[in-house]
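Here is a short tour of one protein chain. Have a look at the sequence and the fold first, then read on.

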Amino acid sequence: MQPFFQKLRKLLESSKEDYLTEILAYALQHDKLFRERFLLLLPLGYQEHTNFYVETQCVYQAEQRRTDVELNLGHAFVMIECKLGSTESYQQLDDYTSLLASKGNPQKLLIFLTVNREEKSKDYTHMGIDFLQLRWYDI
């Protein structure tokens with residue numbers, strides 16, 4: 001348990017966004033009630049899971065991207081882009097859909113998690129990817 005808290009302490013000093021991201025991921029992985037309530041915020045088809053695996057700060061070298069949180073639900077794959085005090089960088093969400101499209105899961109969801117709801121009119125259904133905007137407050 002010590003390494004997790006050491007990691008959090010370093011992140012608090014350097015990046016509050018990464019700090020909250022790690023807390024979110026930890027709670028999703030280790031707190032069943034929190035996980036179930038979080039999944040209820042997602043579209044139908046994403047509440048159930050045969051597996052549940054969480055990864056953070058996943059680096060994709062070829063695309064020069066780093067995702068904040070990735071959830072593998074077995075039948076579905078969820079990518080969460082967390083923002084705290086910043087906005088989407090150039091084509092960031094579009095790039096993430098390319099990464100999602102390569103995943104083998106039948107259902108795919110991209111979540112844009114922000115402090116204030118940024119109105120995004122993103123439609124990735126032609127790629128088989130659902131899109132959801134959430135606020136930290138919703139969680």
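Is Thr97 buried or exposed? With a relative accessible area of 2%, Thr97 is buried, because anything under 20% counts that way. Keep in mind that this is a predicted model, so every value below is computed from it.

Where does Thr97 sit? Thr97 belongs to helix 4, which covers residues 92–101. Leaving aside its neighbours within four places in sequence, Thr97 is in contact with Leu110, Tyr124, Met127 and Ile129.

**The overall layout**

Now zoom out. The protein chain has four helices and five strands. Going along the sequence, they come in the pattern α-α-α-β-β-β-α-β-β. The chain counts 139 residues, and 44% of them are buried. What about contacts between residues at least 6 apart in sequence? In the protein chain, 51% of those contacts join residues at least 24 apart.

**Two helices that cross**

Let's turn to a pair of helices. Two packed helices are described by the angle between their axes and the distance between the axes. Here, helix 2 (residues 16–30) and helix 3 (residues 32–40) pack with their axes 6 Å apart, at an angle of about 105 degrees. Why call them roughly perpendicular? An angle from 65 to 115 degrees counts as roughly perpendicular, and about 105 degrees falls in that range, so helix 2 and helix 3 get that label.

Who makes the contact? On the helix 2 side there are Leu24, Ala27, Leu28, Gln29 and His30, while helix 3 brings Lys32, Phe34, Arg35 and Phe38. Sorted by class, the contact of helix 2 with helix 3 has five nonpolar, two polar and two charged residues.

Which residues of helix 2 are buried? They are Glu17, Asp18, Thr21, Glu22, Leu24, Ala25, Ala27 and Leu28. As you look at that list, remember a general point: an α-helix has 3.6 residues a turn, so residues three or four places apart point the same way.

Next, pick out a few residues in the strands. The table shows how accessible they are.

| Residue | Relative accessible area | Class |
|---|---|---|
| Glu70 | 4% | buried |
| Gln133 | 14% | buried |
| Arg66 | 37% | partly exposed |

Glu70 and Arg66 both lie in strand 2, and strand 2 covers residues 65–72. Leaving aside its neighbours within four places in sequence, Glu70 is in contact with Tyr53, Val54, Glu55, Cys58, Tyr60, Phe77, Val78, Met79 and Lys103. Glu70 and Ala25 are 45 residues apart along the chain, yet their C-alpha atoms are separated by 8.8 Å.

Gln133 takes us to strand 5, residues 129–135. Leaving aside its neighbours within four places in sequence, Gln133 is in contact with Phe112, Arg117, Glu118, Glu119 and Lys120. Gln133 and Lys120 are 13 residues apart along the chain, with their C-alpha atoms separated by 7.9 Å.

**What about the cysteines?**

A disulfide is a covalent bond between the sulfur atoms of two cysteines. How many disulfides does the model have? With sulfur atoms required to be within 2.5 Å of each other, the count comes to zero.

Definitions and conventions. Residues numbered from 1 in each chain as written. Predicted model: local features only at pLDDT ≥ 70, side-chain atom pairs only at ≥ 80, totals over all residues. Heavy atoms only, no water. Axes fitted to C-alpha atoms, helices over the stretch in contact; angles between N-to-C directions. Helix = DSSP H or I, 4+ residues; strand = E, 2+ residues; numbered from the N terminus. Parallel < 35°, antiparallel > 145°, perpendicular 65-115°, else oblique. Contact = heavy atoms within 4.5 Å. Nonpolar A, V, L, I, M, F, W, Y, C, P; charged D, E, K, R; others polar. Buried < 20%, exposed > 50% of the residue type's maximum accessible area, 1.4 Å probe, protein only.
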